[in-house]
Every structure is written in C-alpha cells, then in structure tokens.
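Open the model in your viewer and keep the selection tool at hand. The tour has two stops.

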Amino acid sequence: MAKTKELSKDTRNQIVDLHQAGKTESAIGKQLGLKKATVGAIIRKWKTYKTTDNLPRSGAPRKIPPRGVKMITRTVSKNPRTTRGDLVNDLQRAGTKVTKPTISNTLRRQGLKSCSARRVPLLKPVHVQVQDKKQYHCQPCGICRIGPREKYFHCEKCNLCLASDLRGNHKCVENVSRQNCPVCMEDMHTSRIGPHVLPCGHLLHKTCFDDMVQIGAYRCPLCMHSAWNMEDYVEEMDKEMAQSPMPTEY
C-alpha cells in the first residue's frame, strides 16, 4: 500500500477545533474532505496525548547489541590501530554480522573517530635515507640540523649551515636561506635536505639541482645566471680552438 500524504499541523488542529465545537467525525470529514477514520485517529491521539504533533518513533533496532558495542569500544581504546576489518571479524565470531560502515557509525556515536592510513608516506625517500644521521643543534639557526656536526659549518652572512667544503668557497648573500627553494618551493632554512649554492649565490636543494641537471637546465631559476663555473669550460674550448687547423684563405 502506498504511503499517504501526511496531514499538516494546521489541518490536524482544525480537526480538534471542530470536534471541540461539537461536530461529529463524519461532519468534520465531509467539511475537510477527509476520511472518517483519519479524523477519528487524529481525535483519539489528541484525547490520549493532548497534542497533534508527531510523536517520536522507536526506529530500527541497532545491529550491534550493547554488549558488542562495549567489546569494540574496549578493543579500540586499548589498541587505536585496530582496523574496522578486525572489529567486523570479532563481532562475527561473537555471532553478529555487520559491515565496516556500521562499525564506523557505532564508534562515532561512542565519541571515537575512525580514520584511514595515508597512502602516500609523509617522508620522501631522501628523508628516510638521512634519518639515521646524527643530529646537532645549531644555535645561530635556532633549530636542529642533520649532522654530523663536524661536516658542517654555519655561515653568518648566509645565515645557514653549509657543508664544510664550501667554507670560503661560495658566494655569500645576506640571509639567502630565508627563502623558498625556487624549484620545489619548500623553505630552505628549515628543510632537512641539504642546500646547493649556485655561483650566483642563490640556494636550492641538492636533489632539485640534480633534477635540473638531468633535464638539461643549467641556469639559476631566479637570476638566469649559469649554474656552473664556466671559466674552466671556456678555457678548455679556447685550447681546442687553438689546436684546430684553420682553413686556408681564399
């Protein structure tokens, strides 16, 4: 049987008013165009509950009994890494068959939140490789660095810890570390990836510099100066040109 349209609150109140005015159920039904049974049900409800509002319904019974709810709540509280699949199996062994969404809804009603593990790891491979390196605290930088300490020094002008082989062998730029890597846009000062100092003095990650070389990019992304010291290359080219035989004049 199809579900009938629910009467509005005004109509239900009008039925009660007409009943209190002394009209019969049949007369009220004819006046409002309703069935006598419908009018009678509204009047009986008003006499019993003194209201024509919809009463709260019990709803469908919970799929997980109270004992099962206590069991999964206790399990998750002891081991927050418990998966929904594990809880489904536990309840199934106890005789209750439910789905994973039901587990999530039940935990949410208990004030617990279910979540899924990240598919993409937070650490990049380069981060995993340096996890076992010794850390040290650099007082001028104000943060801890990946060591060991003896392989790095703090450049006061660049305001950054650099590899020891760059001491006196790089172009200093005032507070150059207070910027993002021009390739990956990660903060250079707090990054755990070592910096590469270009001849122009700008910084970028060593890994980003290697990626640039692989794709044939040989210029600084910021100032477009050469990313290499070209003096040796130019000198070598001059030697090759000097040794090359010149064509005869014509």
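**Stop one: the largest cavity**

Five nonpolar residues, one polar and one charged make up the lining of the largest cavity. The model is a predicted one. To see the lining, select Tyr152, Cys161, Leu162, Ala163, Gly194, Pro195 and Lys206.

Next, colour strand S4, residues 160-163. S4 gives the most to this lining, with three residues.

How much space lies in the largest cavity? The volume is about 40 Å³. If you run a search of the whole structure for cavities of 30 Å³ or more, the count to expect is one.

**Stop two: helices H2 and H3**

Clear the selection, then pick helix H2 (residues 25-32) and helix H3 (residues 36-49). At what angle do H2 and H3 pack? The angle is about 115°, and the axes lie 8 Å apart. H2 is therefore roughly perpendicular to H3. The crossing of H2 past H3 is right-handed.

Now show side chains where the helices meet. On the H2 side, select Glu25, Ser26, Ile28 and Gly29. On the H3 side, select Lys36, Val39, Gly40 and Ile43, which those H2 residues meet. Coloured by class, this contact of H2 with H3 shows three nonpolar residues, three polar and two charged.

Conventions
Residues numbered from 1 in each chain as written. Predicted model: local features only at pLDDT ≥ 70, side-chain atom pairs only at ≥ 80, totals over all residues. Heavy atoms only, no water. Axes fitted to C-alpha atoms, helices over the stretch in contact; angles between N-to-C directions. Helix = DSSP H or I, 4+ residues; strand = E, 2+ residues; numbered from the N terminus. Parallel < 35°, antiparallel > 145°, perpendicular 65-115°, else oblique. Left-handed = near helix turned anticlockwise from the far one by under 90°. Contact = heavy atoms within 4.5 Å. Nonpolar A, V, L, I, M, F, W, Y, C, P; charged D, E, K, R; others polar. 1 Å grid on protein atoms, 1.4 Å probe; cavity = no way out; pocket = protein on both sides within 12 Å on 5 of 7 lines; lining within 4 Å. Points joined across faces, edges and corners; volume = space filled by probe spheres on them.
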